[in-house]
Amino acid sequence: MNEHNNTLRTHYTGEFKTKVVIAALKEQETLNELAHRFGVSTMMISKWKQEFLNCNSKFF
C-alpha cells in the first residue's frame with residue numbers, strides 16, 4: 001500500500017513576500033527573529049531576498 005504525504009504547501013502573496021524582504025533588507029532583526037515574527041523559515045526568507053536582489057534591476 002502506497003501512502004502519500006498529503007501536506008499542502010502554503011502560498012504566500014507577493015505583498016507578504018515583499019513585506020518580509022523589506023524587513024530583511026533593513027537588517028534590524030536577525031533572520032531567526034524575522035522567521036519567528038513572520039512564521040516562515042530562514043531559508044525561505046533568504047530565497048525571497050536573493051530573488052528580489054536578482055530581479056530588482058528590472059524595475060529601473
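The largest pocket is lined by Arg 9, Thr 10, His 11, Tyr 12, Lys 17, Met 44, Lys 47, Trp 48 and Glu 51. This is a predicted model, in which local features need pLDDT of at least 70 and side-chain atom pairs count only at pLDDT 80 or more, while totals for chains, interfaces and linings use all residues. Residues are numbered from 1 along each chain as its sequence is written, and side-chain values use heavy atoms, with hydrogens and water left out.

A pocket here is an open set of points on a 1 Å grid over the protein atoms alone, where a 1.4 Å probe fits, with protein on both sides within 12 Å along at least five of seven lines; lining residues have an atom within 4 Å of a point. The volume of the largest pocket is about 190 Å³. Helix α3 (residues 42-55) gives the largest share of its lining, 4 residues; helices are DSSP runs (H or I) of at least four residues.

Tyr 12, one of the lining residues, also belongs to an aromatic cluster with Phe 16, Phe 38 and Trp 48. Rings pair if their centres lie within 6.5 Å, with planes under 30 degrees apart counted as stacked, over 60 as edge-to-face and the rest as tilted. The whole structure has 4 aromatic pairs. Tyr 12 and Phe 16 are stacked, at 5.3 Å centre to centre and 20° between the planes. Phe 16 and Phe 38 are edge-to-face because their planes stand at 80°, with centres 5.9 Å apart. Phe 16 lies in helix α1 (residues 14-26) and Phe 38 in helix α2 (residues 31-38), so this pair ties together parts 22 residues apart in sequence.

Definitions and conventions
Phe/Tyr/Trp six-rings, centres within 6.5 Å; stacked < 30°, edge-to-face > 60°. Helix = DSSP H or I, 4+ residues; strand = E, 2+ residues; numbered from the N terminus. Points joined across faces, edges and corners; volume = space filled by probe spheres on them.
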